[in-house]
Every structure is written in structure tokens, then in C-alpha cells.
Amino acid sequence: MPRDGDTRDCAPPGGGPARPGRRLDRSRDADILDATLAVLVDVGFARLTMDMVAARAKAGKATLYRRWPSKSELVIDAVAHMKRGQVDLGRLPDTGSLRDDLLGLFTPQSAEEDERRLKVMAGLASLLAQDRALADAGVAAIVQPWVEAHRVLMRRAADRGEIPATADIDTLSQVIPSLAAYRALVQRKPFDRDFLVSMVDGVVLPALRNAPPLAAGHAP
């Protein structure tokens with residue numbers, strides 16, 4: 001059963017899946033995902049079709065269907081691709097200060113880029129409203145790369161003694177990415193430095209630094 005309600009965009013041409021054992025060519029994935037984002041910005045999720053993406057990427061429609069069974073999966077992968085491109089886990093800030101590291105994750109964008117990203121998020125919000133079964137995958141696509149980046153920075157801070165070893169890093173690493181997703185998906189507001197500073201100084205750092213002491217008999 002097609003997930004997005006459009007059988008033309010959710011079943012491979014010819015009515016069946018790719019033959020078992022056929023190796024997928026992943027070399028064009030990035031081009032196809034970039035093309036998906038461009039079409040999503042232009043027409044929104046409801047009007048986006050696999051034909052449009054194939055034409056924008058100069059790829060065969062069958063190539064798309066062998067990799068993504070429906071446009072829903074394609075859009076979620078495209079958003080995840082965009083988010084992964086915004087944060088490089090191998091090159092995170094390392095200033096010796098958790099506050100500076102967290103603020104260093106923020107890269108100012110032009111007004112045009114902010115508008116583009118908001119349109120991408122609006123397209124994802126439209127998808128999630130139509131198909132709640134994909135909600136977890138959609139939220140993970142936009143939140144998880146940032147959660148992992150925050151977790152790495154917080155663990156570094158704990159290792160050097162800047163925050164207590166008992167700090168709930170797994171929970172607090174989700175706070176800013178989750179609120180940023182709420183701003184984008186629900187409030188339709190861009191992620192800006194003022195918002196980041198207020199979250200870092202008013203919520204995350206106080207919560208990390210005021211972690212309860214380790215209970216007697218429990219190792220960190």
C-alpha cells in the first residue's frame with residue numbers, strides 16, 4: 001500500500017520491485033537528494049513527484065524507485081542528507097569551553113538560505129501531517145545529527161571536569177535540537193543565534209552543571 005496515497009509515485013514502473021540481487025548504484029544519491037530538496041522548495045510535498053525529481057537530477061525514474069520505494073522515503077532521506085551536511089562530527093568545535101563549543105556549532109546563514117530551509121521544513125511538516133507512521137523517521141532525520149554533535153561536546157566537557165560526571169548528557173543533548181525542530185516544523189521560525197544563546201545559557205548549561213551528586217556506592 002503506497003504511503004503517500006499516490007500510486008503513480010509509490011510503485012516502481014512495471015508494477016514490481018527491482019530484481020533480487022541487483023546491486024544499487026549509490027554514486028548518484030547525493031545529486032538525487034539535492035534535486036529532491038530543490039523540487040520540495042519549488043512545489044512543496046503535495047505536488048512533488050518522482051518524475052519531477054528524476055528530471056531535476058537527470059536520472060531515470062527507475063533509478064529512484066530502486067533506491068526509494070515512495071516519495072515519502074525520498075523526502076525524508078533528502079532532509080537527513082541536508083542536516084548531515086550542516087554538522088561534521090569529525091570537525092566539531094574544540095575550544096576547551098562547552099559554552100563556546102555549543103555556540104560554535106551555529107553557522108549564520110543568509111536570509112535566502114534561511115527561507116529555503118524553512119520551505120524544506122514546511123514540506124517535511126506536510127509529509128508528517130499526512131503520514132504519522134513516518135513521524136519518527138522524519139524527526140530523526142532533522143534532529144539526530146545535532147543530538148550526536150551535542151552529545152560529543154558534552155562528553156568532552158565531562159571528561160575534562162567542566163560539568164559533573166553525573167550530568168544527564170543523553171537527555172540534555174536532545175534539548176536544543178528538539179526545540180530547534182519545533183521552531184522549524186511548528187512555528188516556522190529559523191534557528192538563530194539569539195535562540196541558541198538563550199537555550200545554552202538559560203537551560204542546557206544550568207541543567208548540566210546542577211546535576212545531582214552521585215549516589216553512594218555507585219561508580220560514575
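Zero aromatic pairs are counted, where a pair requires the ring centres of Phe, Tyr or Trp (its six-membered ring) to lie within 6.5 Å, with planes under 30 degrees apart called stacked, over 60 edge-to-face and the rest tilted. The model is predicted, so local features need pLDDT of at least 70 and side-chain atom pairs pLDDT 80 or more, while totals for chains, interfaces and linings use all residues. Residues are numbered from 1 along each chain as its sequence is written, and side-chain values use heavy atoms, leaving out hydrogens and water.

**Overall make-up**

The protein has ten helices and zero strands; these are DSSP runs numbered from the N terminus, with helices (H or I) of at least four residues and strands (E) of at least two. Of its 220 residues, 41% are buried, meaning under 20% relative accessible area, with exposed set at over 50% and partly exposed in between (1.4 Å probe, protein chains only). Among contacts (heavy atoms within 4.5 Å) with a separation of 6 or more, 72% join residues 24 or more positions apart.

**Charges over rings**

Two charged side chains are placed over aromatic rings. The criterion is NZ of Lys or CZ of Arg within 6 Å of the ring centre and within 35 degrees of the ring normal. Lys71 lies over the face of Phe45, 4.6 Å from the ring centre. The charged end of Arg183 is over the ring of Phe195, at 4.4 Å from its centre.

Helix 9 spans residues 175–187. Its buried residues are Ile176, Pro177, Ala180, Ala181, Arg183, Ala184 and Leu185. An α-helix has 3.6 residues a turn, so residues three or four places apart point the same way. The cover over the buried residues of helix 9 includes helix 6, helix 7 and helix 10 (193–209).

Ala180 belongs to helix 9 and counts as buried because its relative accessibility is 17%. The C-alpha atoms of Ala180 and Pro190, ten residues apart in sequence, are 8.2 Å apart in space.

Lys58 counts as exposed because its relative accessible area is 72%, whereas Arg188 counts as partly exposed because its value is 44%.

Ala149 is part of helix 7 (residues 135–159). With 0% relative accessibility, Ala149 is buried. Beyond its neighbours within four places in sequence, Ala149 is in contact with Val87, Leu89, Leu92 and Leu105. One of these, Leu89, is 60 residues away along the chain, and its C-alpha atom is 6.1 Å from that of Ala149.

His150 also sits in helix 7 and is buried, at 3% relative accessibility. Not counting residues up to four places away in sequence, His150 touches Leu102, Leu105, Ser173, Ile176 and Pro177. Of these, Ile176 and Pro177 are among the buried residues of helix 9.

The accessibility values are collected below.

| Residue | Relative accessibility | Class |
|---|---|---|
| Ala149 | 0% | buried |
| His150 | 3% | buried |
| Ala180 | 17% | buried |
| Arg188 | 44% | partly exposed |
| Lys58 | 72% | exposed |

**The largest pocket**

The largest pocket holds about 530 Å³ of space. Of its 26 lining residues, Lys83, Gln86, Arg117, Trp146 and Phe191 are the closest to its centre. On a 1 Å grid over the protein atoms alone, a pocket is an open set of points with protein on both sides within 12 Å along at least five of seven lines, whereas in a cavity a 1.4 Å probe fits but cannot get out; lining residues have an atom within 4 Å of a point. Points are joined across faces, edges and corners, and the volume is the space filled by probe spheres set on them.

Helix 4 (71–84), helix 6 (111–130), helix 7 and helix 9 each supply at least two residues of the lining of the largest pocket. Helix 9 gives the largest share, five residues. The lining comprises 17 nonpolar, five polar and four charged residues, with Ala, Val, Leu, Ile, Met, Phe, Trp, Tyr, Cys and Pro taken as nonpolar, Asp, Glu, Lys and Arg as charged, and the others, Gly among them, as polar.
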